[in-house]
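Hi,

Here is the structure I said I would pass on. Have a look at it first, then read my notes below.

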Amino acid sequence: MKTSKPTTDKKVIVLDGATIVLRERGLQALSFENIANQTGLSRQLIRYYYPDLERLMIDLCDHLAASYREILVIGVQEIGQVHRLDLFLDFFFGVNDRYPMPDNLEVYDAFFAFAVGSSELRDRLCGVYEMLGHVFLHELSIAHPDLQDYVCQELSFIFVSMMHAHWSYVATLGYSDEHGRISRDALGRLIESHVVHPAPAPATQQTWRRSS
């Protein structure tokens, strides 16, 4: 039995349309009517796939995360293992011309705003960001095998925190794209400082722990 490819394609059209609405007009403009106007699809068809905006936002979170992974996978396959950490940092701070970030970073501020009232989207975002932190930790430990685990854990949280703040400042608030290089180089120097001058492990430390 064949899968229904048109269904998948229509859902992608809806998600891409929602991305444009959020990127250009913000969360306050997110509505089935505006998505319909953007995509040329009927509101009834959009509501068929997404009965409510929460389900649409959750799928959109997964959709955008997948698009980032696809670019990184292509990059990793082309450059090999030696420079993977550099690719990772350059990509997420928008300083890699060969593998540019998708033009939709404003959407992540909309995700955070919507997540205030949606525990499911909040859980999904935590999963995405924690996974990103774990991938960074893995690449960091490969590039710098002498770094202690607690340092890699700490730097993984700092990386994700700095990355999201950078996206918000540049994409949403309109600061210059040049800050991508500033943030990327600053994080590189921070990593190098731990390599050259390792600090003693703190008495207690646990990253990526959520409040109960």
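First, a term you'll need: a residue is buried under 20% relative accessible area, exposed over 50%, and partly exposed in between (1.4 Å probe, protein chains only). By that rule Asp 123 is partly exposed, because its relative accessibility is 43%.

Keep in mind that this is a predicted model, where local features need pLDDT of at least 70, side-chain atom pairs count only at pLDDT 80 or more, and totals for chains, interfaces and linings use all residues. Residues are numbered from 1 along each chain as its sequence is written, and side-chain values use heavy atoms, with hydrogens and water left out.

Back to Asp 123: its side chain forms a salt bridge with that of Arg 210 (3.0 Å, N to O). A salt bridge here means a side-chain nitrogen of Lys or Arg within 4 Å of a carboxyl oxygen of Asp or Glu. Asp 123 is in helix α7 and Arg 210 in the segment after α9, so the pair ties together parts 87 residues apart in sequence. Helices are DSSP runs (H or I, at least four residues; strands are E, at least two), numbered from the N terminus. Arg 210 is partly exposed too, at 41%.

The structure holds 10 salt bridges. Another one joins Arg 181 and Asp 185, with the closest N and O atoms 3.0 Å apart. These two sit 4 residues apart in helix α9, which means about one helical turn between them. There is also a network: Asp 86, Asp 90 and Arg 184 are joined by salt bridges that share partners.

Now follow α7 (residues 119-143) to its neighbour α4 (residues 53-79): their axes come within 9 Å and cross at roughly 10°. Axes are lines fitted to C-alpha atoms, for helices over the stretch in contact, and angles run from 0 to 180 degrees between N-to-C directions. The two helices are therefore roughly parallel (under 35 degrees; over 145 is roughly antiparallel, 65 to 115 roughly perpendicular, the rest oblique).

Leu 56 counts as buried, because its relative accessibility is 0%.

Finally, look at α6 (residues 106-115): 7 of its 10 residues are buried, so the helix is largely enclosed by the rest of the structure. Among them are Tyr 108, Phe 111 and Phe 114.

Cheers
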